[in-house]
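Hi,

Here is the structure I promised to pass on.

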Amino acid sequence: MTVQSAVRIAVLAPQVADQIAAGEVVERPASVVKELVENALDAGARAIRVEIEDGGKSLIRVSDDGEGMARPDAELALSRHATSKIREAADLIGVGTFGFRGEALPAIASVSRFELETSPDGATGTRLRVVGGKREGVEDAVRRRGTTVTVRGLFFNMPARRKFLRAQATETRAVAEAVTLLALTRPETAFTVSSDDRTLIDVRPAADAIERVAALWGGALADTLLPIARREGPLEVRGFAQRPAQAKPTGRKGYVFVRGRPIRDPFILRAGEAGYRSTLAPDDRPSLILFLDLPGDAVDVNVHPSKLEVRFRDKFFVEKVVEEAVREALGPLAAAAPLGVGGQGLGIGGSWAGSGADLSAGAPQDLFGSGPLTPDPRSLAPLLQVFDTYIIFQSDSGVAIVDQHSAHERVLYERVMHQLTGDGAPAQRLLLPLTLEFSGAELEAVEAHRELLRRVGFEAEAFSGRSVVVHTAPNPHPRFDAARCLQELVADLAGGRFSALANRLERFAATFACRAAIKAGQRLEVEEMRELVLRLLSATLPAHDVHGRPTVVQLPRGELERRFGRS
Ligand SMILES: Nc1ncnc2c1ncn2[C@@H]1O[C@H](COP(=O)(O)OP(=O)(O)OP(=O)(O)O)[C@@H](O)[C@H]1O
Ligand SMILES: [Mg+2]
């Protein structure tokens, strides 16, 4: 037996350890930019400038007007685990700065030609140079208050990594994206990004998040967004959800921030999308920008090497509140698609004119559904029907135009979903039972959906051959044609229409709503219009029908004023 005497374990030289750590923190130019901009924000900068050359491969420079560093701090900043942001592990709970590891600067300096210039007061200044992790010199520097970090030749000493860098355009895009994310979290800070003398981002201090969104992506996108604001227990969700009618299959913006940090969390985005329920056309993906705020001890930010993920103590709760927050944002009529050339928001929380009127007066009508109406139908300003199809009325934020069929479809859909999961609808026993003829496939559909049909009010039994006798029918409106509705409904069920809706109940409800709703081309009395509009406005998601098409379009008042030269 031989005794192994040679020691095989050695502690790595700091330079090597830094390079290994850099492997986790620094993946590409965009990650360097992210770390440096976060440091600038942590230092209280009001203006941050980012310059890159060749996608950041040859040069990255981040300058700020933050608090800067005195020389001893500047020298320390380049040592691993040197940080001014926490002192002990307990400080990690609820840490309010982007940084907390004391890793970024030494990691970046170990894989580049690195230069730090900083001044805490605009009088004294320091310039520090490091090449591949080796200190090359410290000298005085003249500069105003703040810090500039210049990173040249990223991965010059790690050829394998350097080879992994992508095309210049790809790296440039990633840099712009990294700054965009941080710019969204800090509207009050100015940002510029230039790439080989081209300006990619130039945003001045903004008053709020929507102004920042408009500065980054243009007012046209900002105008499609509805504000989200919901607090539940310890969680506050703010941000923006795109109007369903303006969502597109590609190019959506989907961002999640937790306690001011940008994170990647597809589950939270999906929860947000769930809030749209049945208002989206099948392939459309809405833009969603979600800012989540919750106490520090409800979330762990220290679970990912580049801090791109967090862990929630109660993820299920967070997802539930996000879904509700988005649904609530889509609720008001402001979610309706605007007519006209944009440039004018619809005003937030727009509802109907005169909604503050006396809510107790007048007996609720019962023309378009059962149950009391909260607002008095008479509180709605004059209504006009055109083409026997559209109802025009005045809303808080403009002129609203409702499609009577889509609107009634939405109202019925929500009511029927209720009935299908509850006791069912009140049905009317027919004095003269109806006898209807069906095809073989249709008879099967009647059989397969017997219970659901009963719940919406149709009690039918096979008679002989292909005929079915119908004893009871629902009565969703005075002009309801029970025989026609049931025939169309059964044909749809047999033909697999609405099969895009995954859930069988939703599919049935959508089909019923579509067939039972008042049709286009039907002249309505003023009282009927009034009730329909009020029922629509009290629906959970009034602005869209079950196919993702709008039920309401609005001509914003501001647009009218613009056209008539009043503004
Ligand atoms: N732009 C800056 N202005 C002022 N001080 C800075 C700046 N950048 C870095 N510092 C100081 O240097 C320290 C080290 O920075 P570094 O990014 O390495 O670590 P950190 O930000 O503390 O943590 P993390 O590794 O999580 O980013 C910071 O704690 C801060 O005190
Ligand atoms: Mg940092």
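Let me start with the ligand. Helix H4 gives the most to the shell around ligand 1, with three residues. H4 covers 104–110, and helix H2 (29–42) is also there, each of the two supplying at least two shell residues. Helices here are DSSP runs of H or I with at least four residues, strands are E runs of at least two, and both are numbered from the N terminus.

Before going further, the ground rules. This is a predicted model, so local features need pLDDT of at least 70 and side-chain atom pairs count only at pLDDT 80 or more, while totals for chains, interfaces and linings use all residues. Residues are numbered from 1 along each chain as its sequence is written, chains are lettered from A and ligands numbered from 1 in the order in which they are written, and side-chain values use heavy atoms, with hydrogens and water left out.

Back to the shell, where a residue is near if one of its heavy atoms lies within 4 Å of the ligand. There are 21 residues around ligand 1, and Thr83, Ser84, Lys85, Glu103 and Lys307 come nearest. By type, the shell splits into eight nonpolar, seven polar and six charged residues (Ala, Val, Leu, Ile, Met, Phe, Trp, Tyr, Cys and Pro are nonpolar; Asp, Glu, Lys and Arg are charged; the others, Gly among them, are polar).

Some polar contacts (N or O pairs within 3.5 Å) to check: an oxygen of ligand 1 lies 2.5 Å from a side-chain N or O atom of Thr83. For Ser84 the distance from a ligand oxygen to a side-chain N or O is 2.4 Å, and for Arg101 it is 2.8 Å. Ligand 1 taken alone exposes 590 Å², and the protein buries 95% of that (Shrake-Rupley areas, 1.4 Å probe).

Elsewhere, strands E4 (residues 126–131) and E5 (residues 134–140) run antiparallel and are joined by six bridges; pairing takes at least two DSSP bridges. Leu128 stands opposite Val138 in E5. The two strands make a hairpin with two residues between them, and Gly132 in the turn has a positive phi of about 55°.

One more residue: Ser195 sits in strand E7 (residues 190–195). Ser195 counts as buried because its relative accessibility is 4%, the cut-off being under 20% with a 1.4 Å probe and protein chains only. Leaving aside residues up to four places away in sequence, Ser195 touches Ile52, Thr172 and Leu200 (heavy atoms within 4.5 Å).

Overall, the chain has 17 helices and 23 strands, and 51% of its 567 residues count as buried.

Cheers

Note on methods. Polar contact = N/O pair within 3.5 Å; in protein donor to acceptor, adjacent residues only side chain to side chain. Buried < 20%, exposed > 50% of the residue type's maximum accessible area, 1.4 Å probe, protein only.
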